[in-house]
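Here's a quick briefing for anyone opening this model for the first time. Have a look at the sequence and the fold, then read on.

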Amino acid sequence: MLVTRFEDSARFIGRLDAAQDVAAGFKTVCRENSIRCAWICATMMLRNPVIAVAGHSGFGQEAIVDGTRFFPSVTGNVSLLGDEVHVRLYGQSEGTQSQQAATGLILGGEVLFCEFLITTCEDAALIRERVAPFSPWVQLQPSGNVVVPEFQPSPQRPTTIQPAALTDDVEATELNILEMKAGDYVDHPRFGVCRISADPADDKISIKLATGKQVDLSLGVMKVHDPKQLGGRKVFKLEIRRR
């Protein structure tokens, strides 16, 4: 059991911009407002949400749910995983005669609209374990003196070994992300060729659409191909990773 009482709190109410990735959007809100421990309540409509369904051993593989889905009541939280702010969103979309309800951990999706309330706990930081099922909160630390622990797999707890092909694919993507910089371009499956507005940070990039609108993209659900030179531009082709 892990329980604490907090006194110092703040509340943020707002909306995410349409067309941005929902996970990247919330990470941006947390980064820009120095939020490291919080609870999230939201209502949203997403196009092609990325969902991980919960099972007895944790959250399963990611799956892209085709189409537009309305999530009337999404709850979630903000904590620390490793050295990064970690945002979790849990929700269930409404089903229709032609669509089953989509339920689980929301990992991404294009925002059509999203309104939210974030309540922060500024007295402490909650630390997640990486390897346990559901990656629960395992440590509580004063917010002003956070030391992120390194967790090692328990000898009694089996770990999942990724196939070599998938591991190579992830490594190639990480190397290509390191090569990205502001002024380069991405070829997005929906937005087309767009200019990168800022250097990647926390697996997120900001791009400028042809309309002039700025959009945040989460690269955590993307496969980033080797760059190509097209018309004097360095272009990274993006592909939504299907598992």
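S79 touches R36, E84, V85, H86, L126, R128 and W137, leaving aside residues up to four places away in sequence; contact here means heavy atoms within 4.5 Å. This is a predicted model, so local features need pLDDT of at least 70 and side-chain atom pairs pLDDT 80 or more, while totals for chains, interfaces and linings use all residues. Residues are numbered from 1 along each chain as its sequence is written, and side-chain values use heavy atoms, with hydrogens and water left out.

- S79 sits in strand β4, residues 68-81; strands (E, at least two residues) are DSSP runs, numbered from the N terminus.
- S79 counts as buried because its relative accessibility is 0%; buried means under 20% relative accessible area, exposed over 50%, and partly exposed in between, using a 1.4 Å probe and protein chains only.
- The S79 side chain also makes a polar contact with the side chain of R128, at 3.0 Å. Such a contact is a pair of N or O atoms within 3.5 Å; within protein, one must be able to donate a hydrogen and the other to accept it, and residues adjacent in sequence count only if both atoms are side-chain atoms.
- Leaving out residues up to four places away in sequence, S73 touches A42, Y90 and G91.
- The C-alpha atoms of S73 and A42 are 6.0 Å apart, though 31 residues separate the two along the chain.

**W137**

- W137, one of the residues S79 touches, belongs to strand β8 (residues 137-142).
- With a relative accessible area of 31%, W137 is partly exposed.

**Hairpins**

- Strands β2 (residues 38-55) and β3 (residues 58-64) run antiparallel, joined by five bridges; two strands pair if DSSP finds at least two bridges between them.
- Two residues link β2 to β3 in a hairpin, and G55 stands opposite G58 in β3.
- β9 (residues 185-188) and β10 (residues 192-201) pair in the antiparallel sense over four bridges.
- Three residues lie between β9 and β10 in their hairpin, and V186 has C194 in β10 as its bridge partner.
- β10 also runs antiparallel to β11 (residues 204-208), with four bridges joining them.
- I196 stands opposite I207 in β11.
- The hairpin of β10 and β11 has two residues between the strands, and D202 takes a positive phi near 55° there.
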